Amino acid sequence: MQRWARHWLRSCRDMPKHALRLINDAQAEPEKQVHAFRRLMKAWRSLLKLAPDSLAEEARMMRAEIRALRRDFGAARDAVVLARTLEGALGKRLFERLPKPEGEAGSPPAPSDLRQRLDAARIKLGRLSVEMARWSVAGEGGAFLLKGFERSCRKTRRRLHRDPLRMSLKRLHASRTAIVDLGYQLQFFRPAEAAEFALRGKLAERLRSQLGAVVDLDLAQRHLITLMPAGHRAKAEYKRAGHKKAEHRIARRIVKQRGKAARLARRLLDERPKTLRIRLGEMMALREPRRVKLS
C-alpha cells in the first residue's frame, strides 16, 4: 500500500510536466489544445483531493492555483462551446439565421492573446512543479487514498440525492464537479479495479458528459434570451426569424438530457461509500499500481 502512496505523489508531480508538453506542442490546434489543457487541470485537481492530512493545506492551495489556470482559458472554451451547442441543437440552417454573439463570448481569443495566456501558464506550471517537488509521503500507507475516495463517493451521492430533472443549475454544476472528481479518481485506481469499478468509471464519465451537455445547452439558452427584443413588433419579427422555434428546441433538449442524467445517477452509486472503499482497499492490496493516462 505504500507503493500506492508513492504512485499518487508521482502522478501528481507528473501533471504539470504533462501540461507543459501539451501547451508547448506547436502542431496542436488551439481549440483542442485548450480543451485538453482544461481537462488535464481537472484531473490534477481531482487527484489532489485524495491528499493525506499532512499535505491537506498544500493541496488546498495548489487546487486554488489550478482553478485559476483553468479559468484563464474559460472564455476561449465557452466561445467554442456556445457556437457548437447552438449549431448541434438547432441545425445549420436555423443556426445561421441567428445573430452572432459579440465580444469574447462570441469568438475565440486572438492568437496573440492566447499566446500571452499560454506564456503565463508556463510560468505558473513551472513554479507549481517546483513546489510539488518538496512534497513527501514518507511513512504514509494507502489509507489516505481510500479515505479520500470514500469522501468523494459520499459527496457525489449527496449531490445526486436530488433528481437532476428538478435540480437548479447551481446544484447541477456542483454535482458535475463531484462526478468529474470521482471519475478521474476511478481512472487513477484502474490497475486495482475489478469489473464493477470499471463499470462505475464508465457510468461516471457518461454522467459527466450528460450534465456537461445540460450546462452547455443552458449557456446557449441564455444567449437566445439575450436576443429577445423589446416591443410587440420586434418580438413578432423575432418569432418569424425562427428564434422562438430555436428557444423551444433548446428547452426540449435540456429536458431530454436531464432525464438521461437522472437515470445514470441512480445507477452510479447504488452501494454505500464505505462498502466501496473496503472493496477497493482489498483490491489495492493485491495489485501493483501502474501509470494510467488521465485526460
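Is K147 buried, exposed or partly exposed? K147 is partly exposed, with a relative accessible area of 46%, where buried means under 20%, exposed over 50% and partly exposed in between (1.4 Å probe, protein chains only). Keep in mind that this is a predicted model, in which local features need pLDDT of at least 70 and side-chain atom pairs count only at pLDDT 80 or more, while totals for chains, interfaces and linings use all residues. Residues are numbered from 1 along each chain as its sequence is written, and side-chain values use heavy atoms, with hydrogens and water left out.

**The core**

- The largest nonpolar core has 74 residues, and W8 and W44 touch the most other members. A core here is a set of buried Ala, Val, Leu, Ile, Met, Phe, Trp, Tyr and Cys residues joined through side-chain atoms within 4.5 Å.
- Helix α9 (residues 195-226) gives this core its largest share, 10 residues. Helices (H or I, at least four residues) and strands (E, at least two) are DSSP runs, numbered from the N terminus.
- Look past the neighbours within four places in sequence, and W44 is in contact (heavy atoms within 4.5 Å) with C12, M15, P16, M62, I66, L125, L128 and M132.

**Helix α1**

- Buried residues of α1 include W4, W8, C12, M15, P16 and I23.

**Aromatic rings**

- Five aromatic pairs turn up in the structure. Rings of Phe, Tyr and Trp (its six-membered ring) pair if their centres lie within 6.5 Å; planes under 30 degrees apart count as stacked, over 60 as edge-to-face and the rest as tilted.
- W8 and F144 make an edge-to-face pair, because their ring centres are 5.4 Å apart and their planes stand at 80°. This pair links distant parts of the chain, with W8 in helix α1 (residues 2-23) and F144 in helix α7 (residues 143-159), 136 residues apart.
- W8 is buried at a relative accessible area of 0%, and F144 is buried too, at 8%.
- F188 and F189 are also edge-to-face, since their centres are 5.2 Å apart and their planes at 70°. Both F188 and F189 are buried.
- One aromatic cluster is formed by W4, F149, F188 and F189.

**Salt bridges**

- The count comes to 15 salt bridges, each a side-chain nitrogen of Lys or Arg within 4 Å of a carboxyl oxygen of Asp or Glu.
- E205 and R39 meet in one of them (4.0 Å, N to O). E205 sits in helix α9 and R39 in helix α2 (residues 30-48), 166 residues apart.
- E205 counts as partly exposed at 31% relative accessibility, whereas R39 counts as buried at 18%.
- The side chains of D53 and K147 form another (3.4 Å, N to O). D53 lies in the loop between α2 and α3 (56-72), and K147 in helix α7, 94 residues apart.
- D53 is exposed, with a relative accessible area of 61%.
- R279 and E271 pair up as well (2.7 Å, N to O).
- E65, K124, R127 and E131 are linked in a network of salt bridges.
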